[in-house]
Amino acid sequence: MLGYFLNLVFFGIIMYIYRLMTRLEKIILYLLARAKQKGINNLSKFQVFKILYLLETESYRFTGKSFFDSVSFIRENLGPISVDIYNAISNLKNEYINIKEIKKPDYPHTRHCISLKKDMKKIDLQESEKL
């Protein structure tokens, strides 16, 4: 019984030190890493929402199943949004990604640009490709 209790405590400490990433967070990091490989240093929040929305709709179209188990989208005038994606981005914000507001001269609104941190810890993105 004591051994079981110690294993639970040890597991709890490990979980506290290394926060488990959700599937959605891994996919967002994967998207940013693939964009960087293609020479695109950052994606806007709109681009992230749109790519993930298209991933979800195409999954329904080809398999009849949801790609994300717990992500819901809301239809807005400017495109799909999701509170779940906002939360995933905010969870990744300090440790894995940077978010900057950039003003373009030809567009009246600021663009929220998401990019990978330069000093990001190594993440096995090959696992994400199997999704």
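Which residues have the most contacts inside the largest nonpolar core? The views below, drawn from a predicted model, take up this question together with the helices around it.

**View 1. The largest nonpolar core and the elements that supply it.** This core has 24 residues, and those with the most contacts inside it are Leu24, Ile28, Val48, Leu52, Ile85 and Ile97. At least two core residues come from each of H2, H3, helix H4 (83–92) and strand E5 (110–116), and H2, with 8 residues, gives the most. In soluble globular proteins, nonpolar side chains tend to be buried together.

**View 2. The packing of helix H2 (residues 23–37) against helix H3 (residues 45–63).** The axes of the two helices lie 11 Å apart and meet at an angle of about 115°, and H2 passes H3 in a right-handed crossing. On H2 the contact is made by Leu24, Ile27, Ile28 and Leu31, and on H3 by Val48, Ile51, Leu52 and Leu55. By class, the contact holds 8 nonpolar residues, with no polar and no charged ones. An α-helix has 3.6 residues a turn, so residues three or four places apart point the same way.

**View 3. Surroundings of Leu52.** Leaving aside residues up to four places away in sequence, Leu52 touches Leu24, Ile27, Ile28 and Leu31, and also Phe68, Phe73 and Ile85.

**View 4. Helix H2 along its length.** The 15 residues of H2 should span 21 Å at 1.5 Å a residue, and this agrees with its end C-alpha atoms, which are 21 Å apart. Among the buried residues of H2 are Glu25, Leu29, Tyr30, Leu32, Ala33 and Ala35. H2 is followed by Gly39, which has a positive phi, near 90°.

Key. Residues numbered from 1 in each chain as written. Predicted model: local features only at pLDDT ≥ 70, side-chain atom pairs only at ≥ 80, totals over all residues. Heavy atoms only, no water. Axes fitted to C-alpha atoms, helices over the stretch in contact; angles between N-to-C directions. Helix = DSSP H or I, 4+ residues; strand = E, 2+ residues; numbered from the N terminus. Left-handed = near helix turned anticlockwise from the far one by under 90°. Contact = heavy atoms within 4.5 Å. Nonpolar A, V, L, I, M, F, W, Y, C, P; charged D, E, K, R; others polar. Expected span 1.5 Å × (residues − 1). Buried < 20%, exposed > 50% of the residue type's maximum accessible area, 1.4 Å probe, protein only. Core = buried A, V, L, I, M, F, W, Y, C linked by side-chain atoms within 4.5 Å.
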